[in-house]
Amino acid sequence: MREQVNSDTTPPQKPGDEWKIIKFMLTHLMYGGVGSVVFSVLALYFDIGGIWTLANASRDTLVFIFLLFFGLFITFGGISMGAGVMLLGGFSDNDDYDDERRHHRNDDGAN
């Protein structure tokens, strides 16, 4: 009987690896959240574009401020998570990285 060799080169996952990914994403979300709170408070404090004046003149001041904070939290959090994920891929920036295209440079399937 022939024993089949597994050609899959991905290492087996350990239990708990999923939590590392979730923790990584939530950490970056919180970094963006802190940045959004700081930016929102400074924008309201310095009345950039008259935003505090408009909010204060409205009868729905709390709704306005909630929407400002929530929108900036989503935006800054998404940017922070995206930057964190994109900074994970440093291995492919190595010039010595031997990828598949180098081995099959002339094999374009046009034969």
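Predicted model: local features only at pLDDT ≥ 70, side-chain atom pairs only at ≥ 80, totals over all residues.

Trainee: Is H28 buried or exposed?

Mentor: Buried. Its relative accessible area is 17%, and the cut-off for buried is under 20%.

Trainee: Which residues does H28 touch, leaving out those up to four places away in sequence?

Mentor: G77, S80, M81 and G84.

Trainee: Switching to the core. Which residues make up the largest nonpolar one?

Mentor: L44, I51, I65, L68 and L72, 5 residues in all. The largest share of this core, 3 residues, comes from α3.

Trainee: And what does I65 touch, beyond residues up to four places away in sequence?

Mentor: L44 and W52. L44 is itself part of that core.

Trainee: What about F64? Where is that?

Mentor: In helix α3. F64 is partly exposed, at 29% relative accessible area.

Trainee: Which contacts does F64 make, leaving aside neighbours within four places in sequence?

Mentor: I51 and A55. I51 also belongs to the largest nonpolar core.

Trainee: How many residues apart in sequence are F64 and W52, and what is their C-alpha to C-alpha distance?

Mentor: They are 12 residues apart in sequence and 9.8 Å apart in space.

Trainee: On to aromatics. How many pairs does the structure hold?

Mentor: There are 3 aromatic pairs. One of them is Y45 with F46, ring centres 5.0 Å apart and planes at 80°.

Trainee: Why is the Y45 and F46 pair called edge-to-face?

Mentor: Because the planes sit at 80°, and over 60 degrees counts as edge-to-face.

Trainee: How accessible are the two partners, Y45 and F46?

Mentor: Y45 is exposed, with a relative accessible area of 64%. F46 is exposed too, at 56%.

Trainee: What about F66 and F70? How are their rings arranged?

Mentor: Their centres are 5.8 Å apart and their planes are at 15°. Under 30 degrees counts as stacked, so F66 and F70 are a stacked pair.

Trainee: Where do F66 and F70 lie?

Mentor: Both are in helix α3, residues 61-86. They are 4 residues apart, about one turn of the helix.

Trainee: Exposed or buried? I mean F66 and F70.

Mentor: F66 counts as exposed at 52% relative accessibility. F70 is partly exposed, at 45%.

Technical notes:
Residues numbered from 1 in each chain as written. Heavy atoms only, no water. Phe/Tyr/Trp six-rings, centres within 6.5 Å; stacked < 30°, edge-to-face > 60°. Buried < 20%, exposed > 50% of the residue type's maximum accessible area, 1.4 Å probe, protein only. Helix = DSSP H or I, 4+ residues; strand = E, 2+ residues; numbered from the N terminus. Contact = heavy atoms within 4.5 Å. Core = buried A, V, L, I, M, F, W, Y, C linked by side-chain atoms within 4.5 Å.
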